Amino acid sequence: MHFEIQYRPTHSLAIAHLEPGESVRAEASAMVSMTRNLDITTDGPMGGRGGLLKSFKRAMLGGETFFTNTFRARGTPGHVTLAPTLSGDMLAVELGPGEPLYIQGSSYVAAPDSVDIDTRWQGLKGFFSGESLFFLEATGSGPVLVNAFGAIEQFDLDGEVIVDTGHLVAFGAGIEYEVTKASRGWIASYLSGEGLVLRMSGRGRIYLQSRNPNEYGQAVGSELPPRQG
Amino acid sequence: MQHYIEHGPAFAWLRVRLEPEERIVAEAGAMVRRSTALEVETRLNASKKAGFLGMVVAFFVALMRKLFGGETMFVNEFWGPQGGEVVLAPKLSGHILRKSLDGTRTLFVQSGGYLASTAGIDTRLRFGGLRTLFGGEGLVLLQCSGQGDVFVNSYGGITEIPVDGQFVVDTGHIVAFDGALDFRVRSIGGAKSFLFSGEGLVCEFRGRGTLYIQSRNLKALVSWVAPLLPR
Amino acid sequence: MRHEILDAPHFGMLELTLDAGEKVVAESGAMVAMGPAVAVETKMRGGFLAAAKRKLLGGESIFQNTFTASAAGQKLYLAPPVEGDLVMRELAPGETFFLQSGNYLAHVGEQLVLDTQWGGVRSFFGGIGFFMLKVVGPGTLFYASYGAIHEVAVGAGGYTCDTGHIVGFSSGLEYKVRPFAGFKGLFFSGEGLVCDFEGRGALFVQTRKAPSLAAFLHPFRPVQQRGDN
């Protein structure tokens, strides 16, 4: 199976092409359309290999459900088209043995069975904003489909960089990270509006998105009618 | 300073390479990534010419807006003894435009449209009435003057309109305009249209100058999404 | 009348140049900017009596604006609320196009018919504000999409599409709405519906959809304080 991504980078749509018998596992809310010769099964969080998902509030996951659907082509070739919630780009990152990819929870879209997705709860809580983040670990071989809010920038880090976590899509092995203050002092960091900021160091690949879903959510959400709680 | 506007026109971000001691001021929350060697200072985006009272008022306004929503006017200033790189991104999707001011002209930027500016640029918040203070109707503008660059962001694409005479724009679609233009906010076509037409307020421009409009409008997005929300 | 579509496919905006006496009808809230000699008239769709008789679905706007130029060369800019593409479609006399109501932007031509009453399909597509307009030519139709527009040539084998992702389709297609076999996630607006298409025709799919955005934004809304009414 392979992913074909169209309408990059703004309104990207991924087409998962399936030969007879081939399958792809996708985040439940991602399906857009499909040929009618596919069998569909539903798995629990992360195909049953979930971790501590029971306590997650949906707010932290940006609307992700972590139920997955598996689409399998029956007899003839078929396809399923996939898209994330927000506008932006998608990328199929090819994994090789020993080359894990750490993907921000809301950036994962789909992968074949040859890729193992493991939830790895990172207790990265923002000091003030209540912003939390968790990463999935993708290992194995084959393509992993990730989405970005905005355009994707990928670069190879060799040294150090300070990154706003809301802009982090994924990163490879060889990168260490620690939470750091956005500005001088705690009050300033609160007012700076940056939320969680990481100091990332080492040698490895980093994928960033050119928009921050939390900033966008706040900007639009704060204008919406209030909710009941 | 070198600047690069990348990933436009839909998801543009601004990448800036600062010389040693060179400064750039950016809207709170805009940073994507930066060199570890840069210093960051968070402060109010008050006019440099404001006296003590001006600063107190500006602080109060900023605090109110942070608590009740709206442009906070807190900014982050980036600089370093060896310089460095910082990448800045707006909140909504769209493009970034750089406007250079030479000390003789003023640029009005709609609140939400300000992304960043260089050290020589002075900014003053201009708005009409208490309702606007709390994010209500009307135009909230940042008046920019001085010498340097202002980086403006849009929601949607940016279209440049050379006004020569008269032109009417829905207020939510204004990005920025020349200080030389006269402007007046009114409701479109009488009371009935205001209630039913779906258009909010419009701004009537007169004179000669450049106007930048954006092809999307946050208030329109809000109206469109609102009926789909649960209780 | 001249037309140009600007900023497409990311943020399609329609630029019309009208001469004296020319008119265009547009969705309420679509005006971006206009020249000084353009008058706006607000009417209820189909007249007051028809509107009163019609049961309204949430989100359906019963008001539309008619813009009439009183001088030559008047500019009028129209845009939909959400990011995506904008398309013009010329319809020949009697030619039918089915358009999702939320995607309608504007039309030119007093003989163009926008029919919401046909075949009782409104309830089939589920959710709030999801119903199909039957548009019959002659006339020029302008419609928008949330995301990019992906055209599918439906033929033997049929095709299935999530209802929220349907922009429109040509005549020649049979359609049937049903719940999705797999898990569609916990969306609020009666989600989880797909439409099976059969026959021969063109289906226009948009790569993003409104209920997903609403679900994403919901946690960012201000919380209603006790004592608010």
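Axes here are lines fitted to C-alpha atoms, for helices over the stretch in contact, and angles run from 0 to 180 degrees between N-to-C directions. With that in hand, welcome to this predicted model.

Let us start where two chains meet. Helix 2 of chain A packs against helix 4 of chain B at an angle of about 80 degrees, and their axes lie 10 Å apart. Because angles from 65 to 115 degrees count as roughly perpendicular, helix 2 of chain A is roughly perpendicular to helix 4 of chain B. The residues that make this contact are listed below.

| Helix | Residues in the contact |
|---|---|
| Helix 2 of chain A | Tyr216(A), Ala219(A), Val220(A) |
| Helix 4 of chain B | Leu218(B), Leu221(B), Val222(B) |

By type, they divide into six nonpolar, no polar and no charged.

Next comes the largest nonpolar core, which has 25 residues. Among those with the most contacts inside it are Tyr216(A), Leu221(B) and Leu213(C). Helix 2 (213–221) of chain A, helix 4 (218–225) of chain B and helix 2 (210–217) of chain C each give two or more residues to this core. The largest share, five residues, comes from helix 2 of chain C. Beyond its neighbours within four places in sequence, Tyr216(A) is in contact with residues including Phe149(A), Leu92(B) and Phe216(C).

Finally, look at chain C, where six strands form an open sheet in the order 11-12-9-16-19-14, with antiparallel pairing. Strand 11 (113–115) and strand 14 (149–154) are its edges, each pairing on one side only. From one strand to the next, the twist averages 20 degrees. Within the sheet, three bridges join strand 16 (residues 166–170) to strand 19 (residues 201–206) of chain C. Gly168(C) has Phe204(C) in strand 19 as its bridge partner.

How values were computed: Residues are numbered from 1 along each chain as its sequence is written. Chains are lettered from A and ligands numbered from 1 in the order in which they are written. This is a predicted model: local features need pLDDT of at least 70, side-chain atom pairs count only at pLDDT 80 or more; totals for chains, interfaces and linings use all residues. Side-chain values use heavy atoms; hydrogens and water are left out. Two strands pair if DSSP finds at least two bridges between them. Helices (H or I, at least four residues) and strands (E, at least two) are DSSP runs, numbered from the N terminus. A nonpolar core is a set of buried Ala, Val, Leu, Ile, Met, Phe, Trp, Tyr and Cys residues joined through side-chain atoms within 4.5 Å. Buried means under 20% relative accessible area, exposed over 50%, partly exposed in between (1.4 Å probe, protein chains only). Contact means heavy atoms within 4.5 Å. Angles under 35 degrees count as roughly parallel, over 145 as roughly antiparallel, 65 to 115 as roughly perpendicular and the rest as oblique. Ala, Val, Leu, Ile, Met, Phe, Trp, Tyr, Cys and Pro count as nonpolar, Asp, Glu, Lys and Arg as charged, and the others, Gly among them, as polar.
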